[in-house]
Amino acid sequence: RSLESINQKHKSFTSPEVSRELEALNEFASKMLSRNSADKLFAHIIELLEGLDIKKSTEDKDSLMEKAKTIQRIIYQMTKTLKK
């Protein structure tokens, strides 16, 4: 609940330090989820991806495309493994 009280519109929220801390927190939470259930982690990833408004992104489109392709390759390999 503490995280919900953070003003995400404040300029300091976009600082590199805050970004690194959020990434670390997300990584920690994702590892906890993956230890408990691959299904729950997949559901969380789907929710994250569906909530992403890529049209509004101001980030480098080529970099985003490469990351999307990497995700696609990883999912393809996982799908092949699950079919076995």
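Me: What pLDDT does the chain average?

Reply: This is a predicted model. In the chain, 100% of the residues score at least 70. The average pLDDT over the chain is 88.

Me: How many Å does helix 2 reach from its first C-alpha to its last?

Reply: Helix 2 covers residues 38-50, so count the steps between its 13 residues at 1.5 Å a residue. The expected span is 18 Å. The model comes close to that, with a reach of 18 Å.

Me: Where is S37, and is S37 buried or exposed?

Reply: S37 has its place in the loop between helix 1 and helix 2. Its relative accessible area is 17%. The cut-off for buried is under 20%. Therefore S37 counts as buried.

Me: Which backbone nitrogen does a side-chain oxygen of S37 reach at the start of helix 2?

Reply: The side chain of S37 also has a polar atom 3.0 Å from the backbone nitrogen of K40. At the start of helix 2, a side-chain oxygen of S37 comes to within 3.3 Å of another backbone nitrogen. That nitrogen belongs to D39.

Me: How many salt bridges does a search of the whole structure find?

Reply: Side chains of opposite charge can pair when their charged atoms come close. The search of the whole structure finds two.

Me: Why can E27 and K31 in helix 1 point the same way?

Reply: E27 and K31 both lie in helix 1, four residues apart. An α-helix has 3.6 residues a turn, so residues three or four places apart point the same way. The spacing of E27 and K31 is about one turn of the helix.

Me: Is K56 buried or exposed?

Reply: D53 is partly exposed, at 38% relative accessible area. For K56 the value is 67%. The cut-off for exposed is over 50%, so K56 is exposed.

Me: Which helix gives the most to the nonpolar patch?

Reply: The patch lies on the surface, with about 980 Å² of accessible area together. Its residues include F42, L52 and I71. Helix 2 and helix 3 each supply at least two residues. With five residues, the top contributor is helix 3.

Me: How many Å separate T70 and S15 in space?

Reply: T70 is in helix 3 and is partly exposed, at 33% relative accessibility. In sequence, T70 and S15 are 55 residues apart. In space, C-alpha to C-alpha, the separation is 27 Å.

Terms used. Residues are numbered from 1 along each chain as its sequence is written. This is a predicted model: local features need pLDDT of at least 70, side-chain atom pairs count only at pLDDT 80 or more; totals for chains, interfaces and linings use all residues. Side-chain values use heavy atoms; hydrogens and water are left out. pLDDT is the predictor's confidence in each residue, from 0 to 100. A polar contact is a pair of N or O atoms within 3.5 Å; within protein, one must be able to donate a hydrogen and the other to accept it, and residues adjacent in sequence count only if both atoms are side-chain atoms. Patches are made of residues with over 30% relative accessible area and no salt bridge: like charges are joined within 9 Å, nonpolar side chains (Val, Leu, Ile, Met, Phe, Trp, Tyr) within 5 Å. Accessible areas come from the Shrake-Rupley method with a 1.4 Å probe; for residues, only the protein chains shown count as cover. A salt bridge is a side-chain nitrogen of Lys or Arg within 4 Å of a carboxyl oxygen of Asp or Glu. Buried means under 20% relative accessible area, exposed over 50%, partly exposed in between (1.4 Å probe, protein chains only).
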